[in-house]
Amino acid sequence: MIGKLFEVPRRLLAGSATLLVLAAVIMLTAMADSTMQPLPATAPDDRFSAERALVHLKKFAAEPRPIGSPASDRARDYLAGQLRAAGLEVEIQRSVGARSAAGLATFGQVDNIVARLRGTDSTGTVLIAAHYDSAAMGPGASDDGAAVAAVLETVRALRGGPGPRNDIVLLMSDGEEDGVLGAEAFVREHPLGKAGGVLLNWEARGVSGPSLMFETSADNARLVETFTGAVPAPRGHSAMVELYRLLPNNTDFTPLTKAGFTGMNFAYIQRSSLYHTAGDSIANLNRGSLQHHGSNMLALTHALGGADLRTLASDHDVTYFRALGTMITYPGRLVWPLAALAAVAVAGLALLARVKRLLSIPRLLAATASAVVPLALAAVLAQVLWSLLVSWRPAYDLMGGLLHRPQPFQAAIVVLCALTLLGWYLVLRRRLGPAALTVAALTWFAGLGLLCAQVAPGASFLFALPALMGALGWLAAVLLRTPAWARTVAAMLGPVTAAMLLPSLAGNVFDGMGLALGGAGALVLALFGLIVAPIAELFLPDLATRPKRATVLAVPLTAVVLTAGLVAVGLVADSFDADRPRRTHLAYVMDSVTRTAHWVSADADPAPWTKRYVSGHDTSTLPPGYARGTLRTGQAPAIAADGPRAEVLAHSGDTLKLRVTAAKGTRSVTLRLDQPMTHATASAGRFGSASVPVTGTRVGTWPSEIRFRGIPARGVQITVRVPEKDRIRLTVIAETDGLTTVPGFVPRPADLVAATREDGDLTAVTRTYTLDP
């Protein structure tokens, strides 16, 4: 029982037309998911203008502004002044924010900007949130300066019209980059943070691309309805929501929604190689991305500002996605019926094919089971490709897979996916039959649709809809007595539906995760290839004709040559220069007691500039507890700097209380202990205090670490609980941004930027203590 579901005359012509249709659908989908055209400063007053927002951005986002830095203070004062000038009630919430991770407690002195525009007849609060701090390595024009500038331009547009019905609260948070510290302090201490409301949070993980609504709070039905109805160019889909909920990443959205806010989270994610680097600059910011961010912000603020917020409550999520530029939504209660209907339709197709003796159940089961091979192999090959790229160009490792020009390498992954799927199909078509392989592909989609309906309902559409449309199309092609071209069109319903959904998802995965996790994007592409693979039948000889050996070998050889060629092109095209700089990690560390100093780098293959500072791997002379992971070191001159101080205020049982101070100009201190801790508290005088429980231990260094960002001049009081030990070793590290105070330091050349590792580009002065109870 081996056969085709139906015969097609002029197969080569039909196959070529089919591939052209699929390519056109993929291209139209990409074009429909583009960003917006930026509006000039002469745009009408009631419209959002990216050019007007840029005026603000240039005032505060031309330099790095990490928490506790003078640049952060200047940005805070400018932003608060602009909000006051617009007539809003403005306050600076000064507090201590806190966050914990495995073996780590992070604290920071935060200055949140909280502004309020009171509504005329408020039914609740609309909270617009963005963070004004940046990573220490770059000016953060996109992350998150663009959103902050968009808030100011949105306020201008709002103030020019009738006042909103509801209260509009603006949160420009501090310390997001160090662990959402400002947002945590806002919900823990500020009355408006405890009151709840509807949240609109704005972020960026690149410098370009459309503004995607990628995350929502639970039970989002009315929120999504507002989003799709209000914004001029809605982008994003519910599968992103499900995917992000599975990831460990977080933004200010996380603590805010945990505190009771309902809402939506937005970001653009393209050109992510510049994320958290000096390249996140105003020059590199895509004006269309800023326009898209702001247009959506203004539209949603108008819509939610005038709505009865009490009616936004819902008891379910919705599925939402775009198909050729049209936003489609349906309620969560339809997820299971659609998934079940797809499974029934695929089962019906299998039964029909069995009755017509086009397949047997054993062959169908074998085909379905065998499909796991190309899917897994595609993911593995993508990861192997990344490993090879890192071995050929070790500098890629510091980029985390977020390359400047990844397109040739992504194309190579497409070729590898095509090879695995085509190889699977060619090897088994004469053994199991085209009908069995076609139904097997739809069986996988139907099964994944059911699985997602259970564990990730918002992503079920990615598989259930192609399975449903594919099964119905093939049923029509087999049953209807229509011209062959019409049956071919019907059989294309499944692949076309998949083409509208999966390639764009793969693009988002590559943009967000990079090639270091290229297997994830490859798996999405392989799934798309699975449902498209039967189209190969239109180019192949009859089943009775045994293909020539040369023809069989031509497929893998062509794929290997194409892959090698694309990789070679990628390595040439993605070379480093001033516009696409290489990353490098370098820090200066000095023991303030012995006055011994070293350069330290975590680079596996240092650039020539970095090699002038580090030459070996000897970490034995570094201060105790400083080293984390594998490091390169080199001798460095001592500087005239006082070390940090840790005064023991109390030490009894499992509780150690310290007063930690550092020299003027120090922005942060880090404490490392040689014993695990279970709890940490930081108190910064009038800024208050915060406490966090701590579980687990740090990897590659001493087991416990406490960070305080933005340390006050008078120091901080740290209380830590450590299981009772006879002796505790403690190293205190005072950190100052930059390396220019070190004698003989030569600045980086234009083709190098600081890596994103948090202990890089710092002058660190340490002092170690041995504490007895």
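In what order do the five strands of the open sheet stand? In this predicted model, whose residues are numbered from 1 along each chain as its sequence is written, local features need pLDDT of at least 70. Side-chain atom pairs count only at pLDDT 80 or more, while totals for chains, interfaces and linings use all residues, and side-chain values use heavy atoms, with hydrogens and water left out.

The order in the open sheet is β14-β15-β20-β17-β18, and the pairing is antiparallel. Strands (E, at least two residues) and helices (H or I, at least four residues) are DSSP runs, numbered from the N terminus. Two strands pair if DSSP finds at least two bridges between them. The edges of the sheet are β14 (645–652) and β18 (689–693); each has a single partner strand, so one side of each is left without a neighbour in the sheet. From one strand to the next, the twist averages 15 degrees. Within the sheet, β17 (residues 679–683) and β20 (residues 716–721) run antiparallel and are joined by five bridges. Opposite Ser683 stands Gln717 in β20.

Several helix pairs were examined for packing. Their axes are lines fitted to C-alpha atoms over the stretch in contact, and angles run from 0 to 180 degrees between N-to-C directions. Helix α11 (residues 335–355) packs against helix α15 (residues 434–455) at an angle of about 160 degrees, and the axes are 9 Å apart. This angle makes α11 roughly antiparallel to α15; angles under 35 degrees count as roughly parallel, over 145 as roughly antiparallel, 65 to 115 as roughly perpendicular and the rest as oblique. The crossing of α11 and α15 is left-handed, a term used if the near helix is turned anticlockwise from the far one by less than a right angle (right-handed if clockwise). Contact (heavy atoms within 4.5 Å) involves residues including Trp336, Val346 and Leu349 of α11 and Val439, Leu442 and Leu450 of α15. By class, the contact of α11 with α15 has 14 nonpolar, three polar and no charged residues. Here Ala, Val, Leu, Ile, Met, Phe, Trp, Tyr, Cys and Pro count as nonpolar, Asp, Glu, Lys and Arg as charged, and the others, Gly among them, as polar.

For helix α16 (residues 461–479) and helix α17 (residues 484–491), the packing angle is about 160 degrees and the axes are 7 Å apart. That makes α16 roughly antiparallel to α17, and the crossing of the two is left-handed. Gly473, Trp474, Ala476 and Ala477 of α16 make the contact with Arg487, Ala490 and Ala491 of α17. Five nonpolar residues, one polar and one charged take part in the contact of α16 with α17.

Helix α12 (residues 361–370) and helix α13 (residues 372–392) have axes that come within 5 Å and cross at roughly 10 degrees. The two helices, α12 and α13, are therefore roughly parallel to each other. In α12, Thr368, Ala369 and Ser370 meet Val372, Val373 and Pro374 of α13. The contact of α12 with α13 has four nonpolar, two polar and no charged residues.

Rings of Phe, Tyr and Trp (its six-membered ring) pair if their centres lie within 6.5 Å; planes under 30 degrees apart count as stacked, over 60 as edge-to-face and the rest as tilted. The count by this rule is 16 aromatic pairs. In one of them, the rings of Phe214 and Tyr244 have centres 4.9 Å apart and planes at 75 degrees, so the pair is edge-to-face. Phe214 lies in strand β6 (residues 212–216) and Tyr244 in helix α8 (residues 238–246), 30 residues apart, and the pair links distant parts of the chain.

Two backbone features remain. Most residues other than glycine have a negative phi, and most peptide bonds are trans. Asp219, in the loop between β6 and α7 (221–230), has a positive phi of about 60 degrees although it is not a glycine. The peptide bond from Asp143 to Asp144 is cis, with omega near 10 degrees, and Asp144 is placed in helix α4 (residues 141–159).
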